[in-house]
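Here is a short briefing to read alongside the model. Have a look at the structure first, then follow the points below.

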Amino acid sequence: MAIEKVIVLEDEMVVRKNLIQLLHRKRLDVAEAPTLEKAISYLEKDDFDLVFADVRLPDGDGRELLTRCQAMANPPLVVMMTSYGSVESAVECMRNGAFDYITKPFSTDQIEVSLKKAGEFTRLVRVNQHLNDGDHSDMGYEILGESASMKKLGDMIRKVSRTEATVMIQGESGTGKELVARAIHRQSPRSQDPFISVNCAAVPENLVESEFFGHEKGSFTGAASRREGRFELAHGGTILLDEISEISPVVQSKLLRVLQERELERVGGNRTIRVNVRVVATTNRDLAQSVEKGEFRQDLYFRLNVVPIFVPPLREREGDVVLLAEHFMKRYARKHGCPVAGLSEASLQELKRHTWPGNVRELQNVIERAVILSSEGELIDPDSLGLIAPSHERRPVSVAVQDEMPVAESAPMQVEDAPLVPLAELEKRHILRTLESVDGNRTKAAGILSISIRTLRNKLKEYRESEGTVEEGDAAEPVADD
Ligand SMILES: Nc1ncnc2c1ncn2[C@@H]1O[C@H](COP(=O)(O)OP(=O)(O)OP(=O)(O)O)[C@@H](O)[C@H]1O
Ligand SMILES: [Mg+2]
């Protein structure tokens, strides 16, 4: 499936027609080029995955094509076809960037082997490109925890991993839902195939469909080349639909079809593509409630919720806070080169007392900061944990007001300095400051603010519009997976 469009550049008609026939049998789109010029004109118009190129052509040398391809943004793989079978010329082609070479006359088998190699290579490159897009550097893979609820979770993961069942992972923000999804994939028979995740909340709404299902070249402004969607990339493996509650009704119905039929069409495309993927979804909202409110399709909910898994909040995991804290301390001491002696007794008490509204992610951040702030070789003291203030310190202002807490005590984020301003202005400042504190990472900011990323995005857009700073790129903001 990774190879779809192929050019056959060959001047000898019989050889060309034979090869084309074979490629058609493999259901490939083939462009026929008897001359170098013709092949180049195809490459200028469209994206191709593979070119079979003869060396000697009436209007030039097939190796010229290699050089041209090297300069392209999305170069196709090139398989050279040499008649003379001279080792030197083949070696030279490979050195100039050919993917493979075959000698004429060739057999069907030779072509099939070459196609298979090219398919596997292309797929690997694409999956890799996708994986490099995200920053998973802080993601340890092991799910740590000795509490009864975490042991139960471990058993559940082992059981569902063996099946093909669609899994819905629910839990508060930062509890480790993504980690659970990765564990399910790793322990499943699909572990050798890709694990691809889509953060449904972080992809701009107008791009969700193309992100899921891919698009054909020119299907919308900005679709400069053909692109496979995440479902296709995950073929054979597992797809994680992260924060599934955030997708629009239109995408919900398209997703339902993929789950029912296991087939899809790319945006702007008319070819039906079959995919074999295991689906795992996460949500930190009560989806059943979204269904009741008419925000989420019931039929899709049932399709996704075949096996529900609940990840408990950290405050309900007896004993795990200290275990996790010590683990993170070692990890960050290594990462930042800050050797610390351990956690002081007072710090341990602080950690146990805190209620961790941001769950494991919050604990991880607190420890990372403490490791950086601590003096070399010393114990981490409660000051550097920064948990002295009441635990609602990190909550949004609106919550504090609702709870009728004195604002200055509960939210020491300069709210007391705020002149008398409209509520909306206060909200705007708070949102922007939060965003700044997490280096612009919207996923994190939305987590801290307890709002969905879509809400955050809409607010930011509003602010830019009111300031008249809407830019062309606004519709296509980058996907910020955390
Ligand atoms: N049991 C655990 N052991 C070790 N690390 C953990 C554990 N649970 C979570 N983490 C770490 O905490 C961070 C948050 O986890 P993760 O992203 O899986 O949470 P989440 O539930 O998906 O959060 P969100 O709802 O905000 O997307 C990650 O860096 C993860 O590695
Ligand atoms: Mg997550």
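Strand β8 (residues 167-170) and strand β16 pair in the parallel sense over 4 bridges; pairing here takes at least two DSSP bridges between two strands. In this predicted model, local features need pLDDT of at least 70 and side-chain atom pairs count only at pLDDT 80 or more, while totals for chains, interfaces and linings use all residues. Residues are numbered from 1 along each chain as its sequence is written, chains are lettered from A and ligands numbered from 1 in the order in which they are written, and side-chain values use heavy atoms, with hydrogens and water left out.

- Strand β16 (residues 307-310) shows a covered face with Val-307 and Ile-309, and an uncovered face with Pro-308 and Phe-310.
- In general, side chains of a regular strand alternate between the two faces of the sheet.

**The five-stranded sheet**
- An open sheet of 5 strands runs in the order β2-β1-β3-β6-β7, with parallel pairing.
- The edges are taken by β2 (29-33) and β7 (100-103), and each has a single partner strand, so one side of each is left without a neighbour in the sheet.
- On average, neighbouring strands of this sheet are turned by 20° against each other, direction ignored.
- Inside the sheet, β3 (residues 50-54) and β6 (residues 77-82) pair in the parallel sense over 5 bridges, and Ala-53 stands opposite Met-80 in β6.

**Helices on and around the sheet**
- Helix α1 (residues 13-25) lies across β1 (5-9), β2, β3 and β6, and runs at about 170° to β2; axes are lines fitted to C-alpha atoms, for helices over the stretch in contact, and angles run from 0 to 180 degrees between N-to-C directions.
- Helix α2 (residues 36-45) lies across β1 and β2, running at about 140° to β2.
- α2 also packs with helix α3 (residues 62-70) at an angle of about 20°, their axes 10 Å apart.
- That makes α2 roughly parallel to α3, a term for angles under 35 degrees.
- Leu-36, Ala-39, Ile-40, Leu-43 and Glu-44 in α2 meet Gly-62, Glu-64, Leu-65, Arg-68 and Cys-69 in α3, where contact means heavy atoms within 4.5 Å.

**The protein as a whole**
- The protein has 21 helices and 18 strands, taken as DSSP runs (H or I, at least four residues, for helices; E, at least two, for strands) and numbered from the N terminus.
- Of its 482 residues, 48% are buried, meaning under 20% relative accessible area with a 1.4 Å probe, protein chains only.

Methods: Buried means under 20% relative accessible area, exposed over 50%, partly exposed in between (1.4 Å probe, protein chains only). Angles under 35 degrees count as roughly parallel, over 145 as roughly antiparallel, 65 to 115 as roughly perpendicular and the rest as oblique.
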